[in-house]
Amino acid sequence: MRDAAVLKMFYSIKEVASVLGENESTLRYWEGEFQEVISPRRNERGVRFYSEKDMDDVRLIKYLIRDCGLTFEGARKRLKSNKESAVKQSKVVQHLKQIRTELKALKEALDDVGTSLINRSTD
């Protein structure tokens, strides 16, 4: 979401779930399991509003659970013992995934150009 032209102050749970590729129910569950880490604001009706920091916290939990394969207890221990290291690793992995996506798009574009050149030469 940081790449958007205009950054919002708060995001709905639906927007966060969409960006992270998780279900809204998963985010609510993680919020309950990691209350000391994930604590989005709520309005008087209980609707959640996630700030950029909240989204970073959810990304960290997702990294620990999905990418590292830790259990909830393992993730809690990792956060207590060395949160800074986990944050750094999470950001590096996120950046590498973004680079991989960009490289794949570049490869596809180059493949398309190559195919187009081959088709021209055979005509």
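Which residues are linked with Glu-22 in a network of salt bridges? The legends below take up this question first, for a model that is predicted.

**Figure 1. A network of salt bridges links Glu-22, Lys-62 and Arg-66.** The structure holds 11 salt bridges, and this view shows two that involve Glu-22. In one of them, the side chain of Glu-22 meets that of Lys-62, with an N to O distance of 3.9 Å. Glu-22 is in the loop between H1 and H2, whereas Lys-62 is in helix H3, so the partners are distant parts of the chain, 40 residues apart. Glu-22 also forms a salt bridge with Arg-66, and here the closest N and O atoms are 2.8 Å apart.

**Figure 2. A salt bridge joins Asp-67 and Lys-97.** The side chains of these two residues meet at 3.1 Å, N to O. Asp-67 belongs to helix H3 and Lys-97 to helix H4, so the pair ties together parts that are 30 residues apart in sequence. Asp-67 is partly exposed, at 41% relative accessibility. Lys-97 is also partly exposed, with a value of 44%.

**Figure 3. Ring pairs link Tyr-29, Phe-34 and Phe-72 into a cluster.** A search of the whole structure finds 2 aromatic pairs. In the pair of Tyr-29 and Phe-72, the ring centres are 5.5 Å apart and the planes stand at 50 degrees, so the pair is tilted. Tyr-29 lies in helix H2 (residues 24-33) and Phe-72 in helix H4 (residues 72-122); the pair therefore ties together parts that are 43 residues apart in sequence. Tyr-29 has a relative accessible area of 46% and is partly exposed. Phe-72 counts as partly exposed too, at 24% relative accessibility. Phe-72 also forms an aromatic pair with Phe-34, and this pair is edge-to-face, with 5.7 Å from centre to centre and 75 degrees between the planes. Phe-34 lies in the loop between H2 and strand E1 (41-42), while Phe-72 is in helix H4, so this pair ties together parts that are 38 residues apart in sequence.

**Figure 4. The charged end of Arg-76 sits over the ring of Phe-34.** The distance from this charged end to the centre of the ring is 5.4 Å. Is Phe-34, the residue that carries the ring, buried or exposed? Phe-34 counts as buried, because its relative accessibility is 0%. The ring of Phe-34 is also part of the cluster that ring pairs form with Tyr-29 and Phe-72.

**Figure 5. The buried residues of H2 line one face of the helix.** These buried residues are Thr-26, Leu-27, Trp-30 and Glu-31. Seen down the axis of H2, they fall within an arc of 140 degrees, which means that they line one face of the helix. What covers them includes helix H1 (13-20), E1, strand E2 (48-49), helix H3 (52-67) and H4.

**Figure 6. Ser-90 is placed in helix H4.** Ser-90 counts as buried, at 8% relative accessibility. Which residues does Ser-90 touch, not counting residues up to four places away in sequence? The contacts are with Arg-59, Leu-60 and Tyr-63.

**Figure 7. The confidence of the prediction is given by pLDDT.** The protein chain averages a pLDDT of 87, and 94% of the residues score at least 70. Where pLDDT is low, the predicted coordinates should not be read in detail.

Technical notes
Residues numbered from 1 in each chain as written. Predicted model: local features only at pLDDT ≥ 70, side-chain atom pairs only at ≥ 80, totals over all residues. Heavy atoms only, no water. Phe/Tyr/Trp six-rings, centres within 6.5 Å; stacked < 30°, edge-to-face > 60°. Helix = DSSP H or I, 4+ residues; strand = E, 2+ residues; numbered from the N terminus. Buried < 20%, exposed > 50% of the residue type's maximum accessible area, 1.4 Å probe, protein only. Lys NZ or Arg CZ within 6 Å of the ring centre and 35° of its normal. Arc of directions from axis to C-beta. Contact = heavy atoms within 4.5 Å. pLDDT = per-residue confidence, 0-100. Salt bridge = Lys/Arg side-chain N within 4 Å of Asp/Glu carboxyl O.
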